[in-house]
Amino acid sequence: MDLVFATNNQYKLREVRKMLPPGISLLSLKDIGCSDELPETGSTLEANASQKARYVFEKYGRKCFADDTGLEVVALDGRPGVLSARYSGTSCNAEDNLKKLLLELKGESNRMARFKTVIALYLTEIPVLFEGIIQGSISESATGSGGFGYDPVFIPEGYSVSFAEMTPEQKNGMSHRFLAIQKFTGWLKDRNL
Ligand code: IMP
């Protein structure tokens with residue numbers, strides 16, 4: 001089955017491509033001639049994932065899915081959450097977001113956090129949602145050069161290194177996105193899709 005992954009994030013595309021079974025042929029937005037900025041104006045991860053996938057499903061008539069991810073920090077009442085991408089402003093980058101997060105947690109002893117990914121799948125006009133959550137903590141400083149986004153400060157529970165210090169195989173075998181993709185591919189398999 002051909003499925004479009006509605007994302008402009010090349011890191012996500014690379015990660016997800018490796019997680020999918022061989023029966024699924026993953027297409028990028030570029031593959032279908034889409035260079036649009038996808039809408040992402042919802043107030044929840046569920047709403048944003050659905051909005052991005054629905055846009056491609058309706059405009060291009062393609063079976064597709066999108067994900068939306070948030071880093072939820074306990075001491076910050078769940079922030080940055082759905083605002084993770086724009087945490088330090090609309091035109092910020094990952095480094096700005098990391099700096100802001102570490103500053104906000106300065107001197108804070110409760111470093112507990114989790115990554116949550118929601119995937120919205122559109123095979124028909126009724127979306128199906130899948131969720132993946134990984135628990136962990138925020139380190140005192142950024143370490144490692146792998147991965148992307150908040151990976152240099154996120155230490156998954158049971159480990160002493162950040163996602164950015166792991167090999168791609170290690171991160172992609174346990175991450176929030178992997179857990180959501182597992183549910184998603186299990187759902188397809190149950191329906192012989
Ligand atoms: P979005 O899902 O593309 O909206 O991402 C929200 C924010 O979370 C962005 O700042 C991403 O860089 C970050 N993010 C998404 N997935 C990951 C991940 O797997 N590791 C680290 N940061 C991530």
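Modeller: Happy to! Let me begin with strand 3, which gives the lining of the largest pocket its largest share, 5 residues. Helices (H or I, at least four residues) and strands (E, at least two) are DSSP runs numbered from the N terminus. This is a predicted model, where local features need pLDDT of at least 70, side-chain atom pairs count only at pLDDT 80 or more, and totals for chains, interfaces and linings use all residues. Residues are numbered from 1 along each chain as its sequence is written, and side-chain values use heavy atoms, with hydrogens and water left out.

Biologist: How much space lies in the largest pocket?

Modeller: A pocket here is an open set of points on a 1 Å grid over the protein atoms alone, where a 1.4 Å probe fits, with protein on both sides within 12 Å along at least five of seven lines; lining residues have an atom within 4 Å of a point. Grid points are joined across faces, edges and corners, and the volume is the space filled by probe spheres set on the points. For the largest pocket that comes to about 870 Å³.

Biologist: Which residues of its lining are closest to the centre of the largest pocket?

Modeller: The lining has 33 residues, and they divide into 11 nonpolar, 12 polar and 10 charged. In that count Ala, Val, Leu, Ile, Met, Phe, Trp, Tyr, Cys and Pro are nonpolar, Asp, Glu, Lys and Arg are charged, and the others, Gly among them, are polar. Closest to the centre are Asn9, Lys12, Glu40, Ala85 and Phe148.

Biologist: Which element supplies the largest share of the lining of the second largest pocket?

Modeller: The second largest pocket holds about 190 Å³, and its lining has 4 nonpolar, 4 polar and 4 charged residues. The largest share, 4 residues, comes from helix 1.

Biologist: Why does Thr69 count as buried?

Modeller: Thr69 lies in strand 3. Buried means under 20% relative accessible area, exposed over 50%, and partly exposed in between, using a 1.4 Å probe and protein chains only. Thr69 therefore counts as buried because its relative accessible area is 17%.

Biologist: Which side chain makes a polar contact of 2.8 Å with the side chain of Thr69?

Modeller: A polar contact is a pair of N or O atoms within 3.5 Å; within protein, one must be able to donate a hydrogen and the other to accept it, and residues adjacent in sequence count only if both atoms are side-chain atoms. The side chain of Thr69 has such a contact of 3.3 Å with that of Arg177. The partner at 2.8 Å is Thr117.

Biologist: How far is a polar side-chain atom of Arg177 from a nitrogen atom of the ligand?

Modeller: Around the ligand are 14 residues (a heavy atom within 4 Å), and Arg177 is among the closest. Thr69 has a polar backbone atom 2.8 Å from a ligand oxygen, while a backbone N or O atom of Tyr150 lies 3.0 Å from a ligand nitrogen. For the Arg177 side chain, the distance to a nitrogen atom of the ligand is 2.6 Å.

Biologist: What is the relative accessible area of His176?

Modeller: His176 sits in helix 5. Leaving aside neighbours within four places in sequence, its contacts (heavy atoms within 4.5 Å) include Thr69, Phe115 and Lys171. His176 is buried, with a relative accessible area of 2%.
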